[in-house]
Amino acid sequence: MNDRDTPVVSLIPVISESVDQVILSDKALFALNIVIINAGEGIWCFRDELGKVFRESCT
């Protein structure tokens, strides 16, 4: 699977010393056109890839 360019989205990061993972809100996921397929396994896709492509979260 080739990577792809996506539109630039402006988000405001919040940094917490107690969290060592990225947390994205529902509004951020919508703006990024991301659909979560399996949150526990880190499987996701872009909205226009739904049912065609499954991506894995970075480690």
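The model is predicted, so local features need pLDDT of at least 70 and side-chain atom pairs count only at pLDDT 80 or more, while totals for chains, interfaces and linings use all residues. Residues are numbered from 1 along each chain as its sequence is written, and side-chain values use heavy atoms, leaving out hydrogens and water.

Let us start with the strands (DSSP runs of E with at least two residues, numbered from the N terminus). Strand 1 and strand 2 pair in the antiparallel sense over four bridges; pairing calls for at least two DSSP bridges. Ile36 has Trp44, in strand 2, as its bridge partner. Four residues lie between the strands of this hairpin, where Gly42 takes a positive phi near 75°.

Now for the pockets. A pocket is an open set of points, on a 1 Å grid over the protein atoms alone, where a 1.4 Å probe fits, with protein on both sides within 12 Å along at least five of seven lines; lining residues have an atom within 4 Å of a point. The largest pocket holds about 510 Å³ of space. Its lining has 13 residues, and the closest to its centre are Val22, Leu24, Leu29, Trp44 and Ser57. Strand 1 (34–38) and strand 2 (43–46) each give at least two residues to this lining. By class, the lining has ten nonpolar, three polar and no charged residues.

The second largest pocket has about 310 Å³ of space. Among its lining residues are Leu11, Pro13, Val19, Val22, Leu24 and Ala28. Here the lining divides into ten nonpolar, two polar and no charged residues.

Definitions and conventions. Grid points are joined across faces, edges and corners, and a volume is the space filled by probe spheres set on the points. Ala, Val, Leu, Ile, Met, Phe, Trp, Tyr, Cys and Pro count as nonpolar, Asp, Glu, Lys and Arg as charged, and the others, Gly among them, as polar.
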